Amino acid sequence: MLLCSLPALADDLFLDSQPLPQVLTATRLKQSAAAVPGSMTVIDSELIKASGARDIAELLRLVPGMMVGYTTGNQASVNYHGTSASDARRMQVLIDGRSVYRAGLATVDWSDIPVAMEDIERIEVFRGPNTVSYGANALMAVVNILTRSPANSQGSRVKVTRGERGINDFYASQGVGWETGDLRLSLSGQQDDGFDSDAVGADRRDGRRLNRFSLAVSQTLNAQQSIDWQLNAKEGTNQRPYTYTPVFDGISEGGSNSDVIAKDYAGSLRWNFEFNPDHSLYIQGSAQQWDRRQVWKACDAKVSFSPQLTQLWQLNPNYAELLARHMDTYSQGSPPPGSAAEQALANQVLDQWKNHGGKDTVCGDIDQSTRESRYDVEIQDTFSLSDSLRLVSGMNYRYDRADSDTYFNGTLDDTTWRLFGHLEWRASEHWLLQGGAMYEDSHLSGDSLTPRVAVNYLINPRHGLRAVYSEAIRSPDMFENNVNWSYRVNNLSSPAYGQNSGQYFVVTRGPGDLDKELMRSRELGYNGFFADLGLNVDVKLIYDEITDMISSPLRNNQYIASNANSSRFTGAESQFDWRMSNADRLRLTYAYVDATSSNPRDKAQTARNSGSAGWLREWGQGWSSALFYYGDDALNQYRFQRVDLRVAKRIAVGKTNVELAGMLQQRLDDQPTTWADNNYDHRHVLYFSAELDF
Amino acid sequence: MADQSRMTLLQLSRLWRRGVLLACLLLAVPAWSADILLTAAEDGAGVQAFTQALAQQRPDDQVSFTPLKDLPAPSQLPAGTRLILLDLPSLDWRLLDTQGPPTLVLRISRLQARQRLGNTHPAKISLLWSDPPLERQLRLIADTLPQARRIGVLYGADSEFLLRELIRFATPLGLEIVPQLWDNTSDSRPLQTLFKNSDVLLGLDDPQLYNPKTVKNLLLSSYAQQLPLIGPNAGFVRAGSLASTYSDQPDWLAVLDRLLDHPPANWPHTLYPQHFKVVGNPQVARSLGIEQVDETAVAARLAEGEKRP
């Protein structure tokens, strides 16, 4: 159809008669950067390596508008433009097409994602909502992590990293190929101490230790079919400080930590069919499990487990709290003012407190463990109807299940169906129209339809202007909507009210009827590549609004989730990637984001100014360097400015390559990182790596 | 005596006339009519179509095709025959004899010739190269990708000898050849190394490197790096390479037509066809953000450039 001159000459004696398959077909080829219906930042393997980053979250500092902070040393919080304090609730994160957004608790555990930095080929960040292509959580951005194909992972690689702050990482992989397929097996581990001290100068307990296993196989079945499958596993310990504070005064006993043992398992299988160069289809199925085992010792007054106090809480939490906080102020017979029923219960509680050992310390184990699972099946069909018209459509089924006594009082599950279609129409050499819609129906939160339209005007193939309007929804997750949060203390040191285990009187329930959040996003942008300079530019103006926003922080006690809030983000973003010469690459990003929100917490995680600057240089004779600057003003009121320098030397001995690298990170300010408890003793950190490739 | 002398004069004039006629015939025969014998080990639709087309192109010649198995040894063919070989087995057969009719060898690449002949040039044999000339391919790069400076070139043991020539052509065009040995095509690490240091890839017509087995990995991994591939031949353009120059049957007929007009003594030892076309893959160009290759205009510009060396 396209290469009209060639098929006509198929019988020509002089044209190569070797039967070559058409590889770069209409269904495989992607839009050029200037024609992408939105903003895209690609972090390529060169940048990943040069950055010296040990975590995906750190790499995302290279994306304009991405707000990277830390809740603790092993809990990165990454948000595009802002909102949620601790979780990437409004961002879709995928590894090779598999969502790693946790099924139940609506977070992305960046540190626990079972993928090693060394296995990542590139990260594509779609900056803006795109539920049509990526599903309902793609509200503000999509982080698509693509691992190196097994075919490009041949040979053996071994890497060791050691440094200050307890940094101790390793990576080893082996790639094998055979006639019809390739395989990569990799093992990796990571260890560090996290931050050094908390707000009052005490030791910060937030180190981590983890090991990962990953197997990726691709297999060609015949000229039309191939399969790719992966198995990933991760186990490790994330330290958590002991933050349990007894409800009642005068309790001094307690535990020392509430560390989490985290295990993640994932498996996926993708079957690709190529019917012809204009029509392809894939079916991908994946299964994932997130295990978080977290048990800590809790001590409190025996009265905490009083059935009467629990009843009182259910009747009126404010009343119960007032009573609990001031037990010694009141006495039996003179409880805090309230209804007759409240006062009757209060009198019983006060009686337990004063006369029946209610003040006694009782210790036990609190088990906050969770187990979440997800099964996902997706069919996606790509059909090139003509040279200028392409349709991507598909269907997705997802089953999510969360198992937690603390959060869900047992098990909760949800099923989601999704239908999507996206049409690309090249109306002329200059005009490109792309649009689509997604219909989603979730068992727990109902159905919805979201549209998306983009117009690109290509001045020429390398320079394009775009206008995008999209709507996106985010279904409330299980945690927000259906939480049934209460703590059970097991193995009590002495029986309380006739039992060896007790239920805390505080119970928090999700409203169960939360509506979806709605995002309306408008974007005007320009993407251009100045080929003679080697300069790539992307600039965009944004105007995003989230309404019916569920902004309440995820906290126990008085958790009242509602759709009452809203946020608005306006601003501009730019990125420049300039290959000045064969040896030099300069990269700059800058974002100006102005956040307005009905709940002040939702704009605390937005830095008005943020950006990065990088200079990569090859000095010759195996020497290379990379200098990066990252900065943002006032992320959660704390400024962040850091300079990273990586110097590396490659030595080739026959077919063996050795790379030795030194990495220095220097903070330019002396502020805590995101929260007051996140402090380092020194403003710099140094680590070294040695990599062997043969 | 007088009669005798008259007789002699008559005979002389008759002889003269015959001589002139003979001379005319002798001189004219090559121009008017020659025996053009095509051969190949395998007959097929393509071969038949080509023989027919050549016969139409040269109505005054006796153009015929005889399968290789039906031919005697080359030296037993009439010396006036012009032999055209269409495949490698027929070349092997022709090389059995140092004697034989003047021969044009078609559908042979530089690599194949080197594997069979080394650096020797057998007499009376003209090799007409089937692979796109390196200089033309380099000019194609300069024309379609004017910003590209570093030309990544994969080579194997068989194609290594082309590098020197390639570098010689690249230098005046301001292009830098980045060679990369790829001796084991099941190991793609050399590709990754090369992709990092290249602006564009130029495919050498080396079937060890570019074949149906390697094509997928080659094209997918270079595309992933947004690197266009030029060449190695027209077939690859359909598979996903950005563009290539090539010569098809009409081009070769034009080339042969010119050669056959000349006495075999004037035939060159080796020749790249001066007639050629350009083919581009518009979908790949679009996806890489490159202007569509205007096949006719680019071919005309390249041809123009070749006239003014």
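These are my notebook entries on what I looked up in this structure.

**Entry 1: ground rules**

I am working with a predicted model, where local features need pLDDT of at least 70, side-chain atom pairs count only at pLDDT 80 or more, and totals for chains, interfaces and linings use all residues. Residues are numbered from 1 along each chain as its sequence is written, and chains are lettered from A and ligands numbered from 1 in the order in which they are written.

My helices (H or I, at least four residues) and strands (E, at least two) are DSSP runs, numbered from the N terminus. I call two strands paired if DSSP finds at least two bridges between them.

**Entry 2: the sheet in chain B**

I looked up the strand order and got β2-β1-β3-β4-β5-β11 in chain B, an open sheet of six strands with parallel pairing. Which strands stand at the edges? They are β2 (62-65) and β11 (270-271) of chain B; each has a single partner strand, so one side of each lacks a neighbour in the sheet.

Next I checked β11(B) against β5 (residues 125-129) of chain B: they pair in the parallel sense over two bridges. One bridge I noted puts L127(B) with T270(B) of β11(B).

Then I found helix α10 (residues 249-261) of chain B lying across β1 (35-39), β3 (82-85), β4 (103-108) and β5 of chain B. The helix runs at about 165° to β4(B); axes are lines fitted to C-alpha atoms, for helices over the stretch in contact, and angles run from 0 to 180 degrees between N-to-C directions.

**Entry 3: where the chains touch**

I counted contacts (C-beta atoms, placed from the backbone, within 7 Å). On that basis, 45 residues of chain B are in contact with 36 residues of chain A. Which element of chain B gives the most to this side? It is α8(B), with seven residues.

By class, the chain B side has 19 nonpolar, 17 polar and nine charged residues. Here Ala, Val, Leu, Ile, Met, Phe, Trp, Tyr, Cys and Pro count as nonpolar, Asp, Glu, Lys and Arg as charged, and the others, Gly among them, as polar.

**Entry 4: a look at α8(B)**

After α8(B) comes Q226(B), with a positive phi near 60°.

**Entry 5: over to chain A**

I followed β14 (residues 279-301) of chain A. It runs antiparallel to β13 (residues 260-276) of chain A, joined by 16 bridges, and a hairpin of two residues links β13(A) to β14(A). In this pairing N272(A) has Y282(A) as its bridge partner.

β14(A) also pairs in the antiparallel sense with β16 (residues 370-386) of chain A, over 14 bridges; there R292(A) stands opposite T370(A).

**Entry 6: two helices in chain A**

How do α5 (residues 307-315) and α6 (residues 317-325) of chain A pack, and at what angle? Their axes are 5 Å apart, at about 135°. L309(A), L312(A) and W313(A) in α5(A) meet P317(A), Y319(A) and A320(A) in α6(A).

Notes
Two residues are in contact if their C-beta atoms, placed from the backbone, lie within 7 Å.
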